[in-house]
Amino acid sequence: MSTDLHIADGSPVTADVDAVVIGLLPAADGEERPRIAPGAGEIAEAFGGEAALTELLAVVGATGKADEVVKLPARGAITAPLLVAVGLGATDEGGEPQAEQVRRASGSAARALAGSDRVVSALGRLDLGAAAEGTLMGAYTFTEYRSNGNGRAPVGSVALLAEDGQDEVLRTATAVAGAVRTARDLVNTPPNDLYPETFAARARELAEAAGVEVEVLDDAALAEGGFGGVLGVGGGSSRKPRLVRLRWAGGSSPRASVALVGKGITFDTGGISIKPAANMDHMTSDMSGAAAVIATTVLAAQLQLPVAVTATVPMAENMPSSTAYRPGDVLRMYGGKTVEVLNTDAEGRLVLADAIVRAAEDEPDYLVETSTLTGAQQVALGMRTAGVMGSDDFRDRVAAHARATGEDGWAMPLPEHMRSELDSRIADIANVTGSRWGGMLVAGTFLREFVPDGLAWAHIDIAGPSFHSGGPYGYVTKGGTGVPVRTLHALLVDIAQNG
């Protein structure tokens, strides 16, 4: 069940709904009570004015801090039986709330109102697009595998208060949030049901429904084409690898061409270099990059973005068996380079190298690859900030969009000295170094070897941000997060407008 979203028609004071949502800001300097956020004036007046309403909210402990949700019985002041005040957090110098604050508050409200049929939210007056995205992402649930009841259903319908003439804003935000939810669904599907063959089938279904061209290479076609990285990683599993290509042509006159590449390891045991058992179940999310680029390519078609987008998605299951690749093996990659495998748990860079070379053959203007590539990303930047590497100017552009969308990303260097640490005694390059230091940057350096000179490119390491194992917050629910779909969408819009 998904949440219906629309622009409100009529007054929130007299709306026939279960709850009305308003935003709340922390107390200003010298004040003791929180402040009502802009856009809720008539609601405050129904409670006797802003001072009277903030006094009531302060009595029940409301402070306006981020993610705080306070429910107040309306007692006839408005038609709805419940007023919900959701904290936006502090603003810079007392200014207007930023988009990410509205997005997070809307997500918190949507989660708190699970089980409600109809809700009106004043947060749309602060930023309609952010409120719509936050609501739909916060209301997300994944219940396909629950047989004994699904708990409270997500909020059924949310009417957002907004100024006239914003239908397109709502349509776009709904589509973007829908793409995030699609990526989350793929990540949250367990690996016994989502493996290379079925993942490719899901990608085909999504693409064809949006009018996106699809090509799927099976293991025989991969062997004929010389995709040694994908075949090597996938060789240990009875579920054979695939490489999926999706293409949105960008309409009649695309502004530029963008290649998207996403890591699609549907489960990662580490192979012969097997991982510790603790938290290995989280490796169901090792295809988050693939989920994101598939969802983004479909989104570009749905929104008719004037950018040609081609996704190249290698899919494999990294398993230990008598047919698995070994430490010490040398793989001949697509395009001819050879790689000495020193650790089979550094498998993502091997499948991505094949995919990057194939994607670059189309001569795109830009190439963006995203992957759950290194635990070192988590060590360096934590669980919510992606590491962004690549050609300097384009890397910074991508990282800026990650921060602007609230997905968060930080530009990282690719020091030249790290390349020598990947020297192999028998092949063109090794897949890891003998050092524990700078692992995220080493992986980016490896990938750079497969990017043609002069191509603007970026690598987004989402090992931490793509999967959330803790309690929900804002619009982030447990499990797959859908990162970096919104970053990629913002980048495509930027390229469509500015080249």
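Relative accessible area is classed here as buried when under 20%, exposed when over 50% and partly exposed in between, with a 1.4 Å probe and protein chains only. The model is predicted, so local features need pLDDT of at least 70 and side-chain atom pairs count only at pLDDT 80 or more, while totals for chains, interfaces and linings use all residues. Residues are numbered from 1 along each chain as its sequence is written, and side-chain values use heavy atoms, with hydrogens and water left out.

**Backbone features**

- Asp-67, which is partly exposed at a relative accessible area of 23%, has a phi near 75°, a positive value in a residue other than glycine.
- Glu-363 also is not a glycine and has a positive phi of about 55°, and this residue counts as exposed at 68% relative accessibility.
- The peptide bond joining Val-483 and Pro-484 is cis, with omega about 5°.
- Most residues other than glycine have a negative phi, and most peptide bonds are trans.

**Helix packing**

- The axes (lines fitted to C-alpha atoms, for helices over the stretch in contact, with angles from 0 to 180 degrees between N-to-C directions) of helix H10 (residues 348-360) and helix H14 (residues 439-448) come within 9 Å and cross at roughly 30°; helices are DSSP runs of H or I with at least four residues, numbered from the N terminus.
- Contact, meaning heavy atoms within 4.5 Å, is made by Arg-349, Leu-350, Leu-352, Ala-353 and Ile-356 of H10 and by Val-442, Ala-443, Phe-446 and Leu-447 of H14.

Conventions:
Helices (H or I, at least four residues) and strands (E, at least two) are DSSP runs, numbered from the N terminus.
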